[in-house]
Amino acid sequence: MRVNRRDLWVILVLTIVVAGMATYMFSRPIPFNGAVITPPKPMPNFTLQSAQRVISLNDFRGKLVVLYFGYTNCPDICPLTLANLRQAMDRIGDKAKDVQVLFISVDWKRDTPEKLASYASVFRPDFIGLIGTQEQIDKTTKDYGIFYLLNIADKNGYYSVDHTASVLVLNRKGELTLTWPNNIRPDQIASDLTQLLKQK
Amino acid sequence: MKKVVLFMFILAVLLTACASAAPDASQNGIEITGARVLLPGGDAMNGMDSTLAAFMTIKNTSAAADRLTGVSVDFGEASLHETKIEGDVMKMDAILGVDIPAGQMVELRSGSYHIMFMNITKELKVGNSVNILLNFEKAGKVTVPVKVTDK
């Protein structure tokens with residue numbers, strides 16, 4: 001088969017177009033699954049109690065911080081959200097060392113630092129459970145736009161807690177950058193964390 | 001020989017399909033499928049004095065509406081609850097019953113109706129089964145063997 005100069009030009013142009021499209025497809029940023037906060041919002045520091053020590057948000061500067069507010073007597077949404085976070089952290093492998101999951105209890109009446117430590121570490125040993133006094137929890141939840149309400153106890157003394165079910169993600173500078181709905185999947189969380197970890 | 005192997009394979013596939021389609025319990029027009037007690041953190045959740053939930057699908061194959069009015073177990077206290085997500089806020093309330101309309105299915109699932117356990121007295125192990133007694137207005141008492149799972 002004889003290829004003339006015009007055919008060569010056509011092949012060259014097509015090759016450049018295909019290569020350009022492929023480069024675009026593979027290098028473009030993958031869209032986030034969570035709701036992106038633009039621009040990222042600087043968040044106030046908080047200081048709460050873990051079983052071992054007093055912990056501040058500022059302790060984790062340089063890491064992504066995943067904040068989930070709930071309570072240990074929650075049978076449904078809280079443990080499932082923590083299980084999804086565990087699966088996502090397992091998926092991203094070594095990169096998980098640059099992510100800190102903090103489970104903050106809003107149930108200041110029942111939850112203790114020790115109970116939270118056991119509960120959070122059941123899901124992953126590096127998850128940290130935090131609690132504070134009513135004043136500390138009120139301030140932290142207000143600062144972070146989290147609603148909570150301890151309901152009236154039933155005849156057995158059990159009460160449920162209404163609370164914001166979204167998960168907050170802070171970037172390495174401690175700025176709120178993303179929120180996830182409670183029904184987000186582990187693979188979607190892992191994808192978002194991977195994207196965020198690429199940011200300096 | 002090849003035909004025998006092929007026949008055995010098809011038989012195994014059919015039996016597996018039948019087994020997975022079989023309800024966990026069936027009585028007086030009520031069929032229960034997909035029943036599970038969830039230990040999302042695995043066996044380590046035992047002894048934590050936290051609450052757990054069970055989920056399942058309840059199908060009413062009869063011509064009359066029925067209502068789930070109560071639940072009980074021998075490993076703690078059980079009650080019916082409903083979780084609602086309003087906006088991004090999770091709310092949970094105890095409920096008196098769940099209506100199961102005639103010929104329809106109602107799913108007890110995360111973020112909706114579920115059975116809640118508290119003051120758990122026995123260790124639950126992922127992979128094991130426990131019995132849950134469901135009380136229906138028309139179908140009566142239905143005992144469901146329920147798998148303990150971490151997913």
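**Exercise 1. Determine how strand β4(A) is joined to β5(A), and in which sense the two strands run.**

Solution. In this predicted model, strand β4 (residues 64–70) of chain A and β5(A) run parallel and are joined by seven bridges. Strands are DSSP runs of E with at least two residues, helices are runs of H or I with at least four, and both are numbered from the N terminus. Two strands pair if DSSP finds at least two bridges between them. Within this pair, Val65(A) stands opposite Gln100(A).

Conventions. Residues are numbered from 1 along each chain as its sequence is written, while chains are lettered from A and ligands numbered from 1 in the order in which they are written. The model is predicted: local features need pLDDT of at least 70, side-chain atom pairs count only at pLDDT 80 or more, and totals for chains, interfaces and linings use all residues.

**Exercise 2. Identify the residues that touch the most other members of the largest nonpolar core.**

Solution. The largest nonpolar core has 83 residues, of which Val66(A) and Leu67(A) touch the most other members. Such a core is a set of buried Ala, Val, Leu, Ile, Met, Phe, Trp, Tyr and Cys residues joined through C-beta atoms within 7 Å. Helix α2(A) gives the most to this core, with seven residues. Leaving aside neighbours within four places in sequence, the contacts of Leu67(A) include Leu102(A), Ile104(A) and Tyr144(A); residues are in contact if their C-beta atoms, placed from the backbone, lie within 7 Å.

**Exercise 3. Describe the surroundings of Leu178(A).**

Solution. Leu178(A) lies in strand β10 (residues 175–180) of chain A. This residue is buried, because 23 other C-beta atoms lie within 10 Å. Not counting residues up to four places away in sequence, Leu178(A) touches, among others, Phe32(A), Val36(A), Val169(A) and Leu196(A). Leu178(A) and Val36(A) are 142 residues apart in sequence, yet their C-alpha atoms are 4.6 Å apart in space.

**Exercise 4. Work out what each chain gives to the contact between chains A and B.**

Solution. Chain A gives 24 residues and chain B gives 23 residues. On the side of chain B, the elements with two or more residues are β3 (52–60), β5 (77–86), β6 (89–94) and β9 (113–118). The largest share, six residues, comes from β6(B). Strand β8 (residues 161–164) of chain A runs antiparallel to β6(B), joined by two bridges. Thr164(A) has Val89(B) as its bridge partner in β6(B).

Terms used: Contact = placed C-beta atoms within 7 Å. Buried ≥ 20, exposed ≤ 12 C-beta atoms within 10 Å, placed from the backbone.
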